[in-house]
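This report follows the chain through a few local features and then turns to the two ligands. Please keep the sequence and the 3D view open while reading.

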Amino acid sequence: MAQKIVALITGVTGQDGSYLAEFLLEKGYEVHGIKRRASSFNTQRVDHIYQDPHHGNNSFKLHYGDLSDSSNLTRILQEVQPDEVYNLGAQSHVAVSFESPEYTADVDAMGTLRLLEAIRFLGLEKKTRFYQASTSELYGLVQETPQKETTPFHPRSPYAVAKMYAYWIVVNYREAYGMYACNGILFNHESPRRGETFVTRKITRGLANIAQGLEKCLFMGNIDSLRDWGHARDYVKMQWMMLQQETPDDFVIATGVQYSVRDFIRMAAAELGMTLSFEGNGIDEKAIIVSIEGDKAPALKVGDIIVQVDPRYFRPAEVETLLGDPTKAKEKLGWTPETTLPELVKEMVAHDLVQARQHALLKTHGYSVAVSTEQ
Ligand code: NDP
Ligand code: GDR
């Protein structure tokens with residue numbers, strides 16, 4: 001039997017990590033993932049693909065680890081001897097990076113260096129291919145539109161600055177040591193597995209909860225912000241494709257279509273049968289229901305205010321607009337995104353509505369339901 005290709009994924013418990021692990025397992029890989037020790041279970045996104053080692057020989061294995069711990073990373077790499085490393089682990093929340101800039105730099109910037117050094121230290125630099133989760137946040141204060149691989153960077157947050165170090169150290173290890181190392185410069189990508197505090201999931205989950213009477217109002221930051229949103233499932237395929245080329249290179253992954261946060265709110269509300277009218281501007285804006293159809297929002301009526309801007313969610317420095325040009329990925333790798341934003345919104349709302357209905361049902365039957373609204 002042919003030997004399985006071995007992949008190691010940092011951040012396997014996150015949105016992308018879970019889709020990538022599924023994708024690689026379907027391709028017949030042996031997949032190893034690094035999970036952090038937490039005081040409660042943090043493997044919900046990968047539980048469905050994990051088999052208890054007492055009950056079978058699983059191709060999916062988890063290791064405790066942390067990007068802040070070099071000796072741990074070195075030991076795992078030595079044990080796993082991976083053909084491919086996907087560095088998806090990060091403190092990935094831009095707003096949180098203003099609260100924890102040093103930790104973000106340690107994990108997102110130094111963590112990448114630690115992994116690359118561990119590969120080199122173990123003499124794996126000619127065997128192991130390396131994917132780095134770079135980001136459209138590097139463009140920050142944009143210098144040209146749409147953004148492509150040659151667009152200059154101007155990062156606007158501690159997160160983006162840390163990711164900029166990671167981007168360049170990957171390029172440097174490629175040039176200095178001939179490592180097969182690539183940066184995927186990915187624009188925002190979402191899914192029903194998206195963390196609850198990122199804007200898309202905050203909206204789909206929040207509106208579904210409000211529709212079912214579990215919450216009253218969704219408080220938002222800058223709803224004028226413009227983003228190029230794709231589906232995480234489509235984007236992880238590209239992460240793998242990048243490591244299958246003859247020579248390593250960096251690619252922008254995006255849809256080439258842009259919407260505002262306000263557009264996203266409108267689309268999500270429409271999926272719940274509601275038409276909204278936005279009143280006010282930016283700082284004091286609110287969204288009011290002007291019509292309701294169907295049975296998805298039984299708790300609401302025309303005239304209810306369900307979204308309100310709260311400047312508390314504004315960032316110290318904002319990335320106002322991002323729009324990617326994925327031409328290079330299309331031409332060199334034959335990649336195109338498969339999911340449009342309206343399709344993505346539909347899938348996310350449908351998922352969150354099922355959860356909200358379950359919680360509402362429990363509440364109706366007298367069980368207390370604590371719906372976390374931490375944002
Ligand atoms: P998530 O926030 O969903 O997942 C991040 C993962 O990193 C989680 O598994 C998390 O563990 C893990 N992690 C956090 N801190 C550490 C640490 N100190 N050591 C080891 N692991 C850690 O992010 P996404 O899946 O959305 O994104 C994946 C990567 O792609 C990230 O690097 C992100 O910055 C980058 N990116 C994401 C984009 C997007 O739109 N989604 C766009 C461009 C880049 P735990 O589950 O325990 O928290
Ligand atoms: P982003 O994603 O910062 O682009 O980083 P996020 O969904 O957090 O914000 C997108 C835009 O929406 C605005 N916004 C709000 N954002 C949040 N989280 N909560 C709000 O209430 C809110 N209201 C408005 C933000 O200001 C911003 O302009 C994501 C992460 O996945 C990064 O890891 C990744 O690198 C980039 O995408 C590409």
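Gln 81 sits in the loop between helix H2 (70-80) and strand E4 (84-87). Helices (H or I, at least four residues) and strands (E, at least two) are DSSP runs, numbered from the N terminus. Gln 81 is not a glycine, yet its phi is positive, about 50°.

The model is predicted: local features need pLDDT of at least 70, side-chain atom pairs count only at pLDDT 80 or more, and totals for chains, interfaces and linings use all residues. Residues are numbered from 1 along each chain as its sequence is written, while chains are lettered from A and ligands numbered from 1 in the order in which they are written.

A residue is buried if 20 or more other C-beta atoms lie within 10 Å of its own, exposed if 12 or fewer, and partly exposed in between; C-beta atoms are placed from the backbone.

| Residue | C-beta neighbours inside 10 Å | Class |
|---|---|---|
| Gln 81 | 13 | partly exposed |
| Tyr 64 | 11 | exposed |
| Thr 275 | 14 | partly exposed |

Tyr 64 belongs to strand E3 (residues 60-64). Neighbours within four places in sequence aside, Tyr 64 is in contact with Lys 35 and Arg 37. Contact means that the C-beta atoms of two residues, placed from the backbone, lie within 7 Å. Lys 35 is 29 residues from Tyr 64 along the chain, but their C-alpha atoms are separated by 5.1 Å.

**A cis peptide**

Thr 145 and Pro 146 are joined by a cis peptide bond, with omega about -5°. Pro 146 falls in the loop between E5 and helix H5 (158-177).

**Helix H8 and strand E13**

Helix H8 covers residues 261-271, and its buried residues are Arg 262, Phe 264, Ile 265, Arg 266, Ala 268, Ala 269 and Glu 271. What covers them? Their cover includes H6, strand E12 (259-260), strand E13 (274-279), strand E14 (286-292), strand E15 (305-309) and helix H10 (341-364).

Thr 275 lies in E13. Setting aside neighbours within four places in sequence, Thr 275 is in contact with Ala 270, Val 290 and Ser 291. Met 220 is 55 residues from Thr 275 in sequence and 18 Å from it in space, C-alpha to C-alpha.

**Ligand 1**

Ligand 1 has 26 residues around it, and Gly 11, Gly 14, Gly 89, Ala 90 and Ala 133 come nearest. Helix H1 (15-26) and strand E5 (129-135) are the elements that give two or more residues to this shell. H1 gives the most, with three residues. A shell residue has its C-beta atom, placed from the backbone, within 6 Å of the molecule. By class, the shell around ligand 1 holds eight nonpolar, 15 polar and three charged residues. Ala, Val, Leu, Ile, Met, Phe, Trp, Tyr, Cys and Pro count as nonpolar, Asp, Glu, Lys and Arg as charged, and the others, Gly among them, as polar.

**Ligand 2**

Around ligand 2 there are 24 residues, the closest being Val 94, Thr 135, Val 199, Gly 221 and Ser 225. Helix H3 (94-99) and helix H6 (199-211) each supply at least two residues of this shell. Its residues divide into ten nonpolar, nine polar and five charged.
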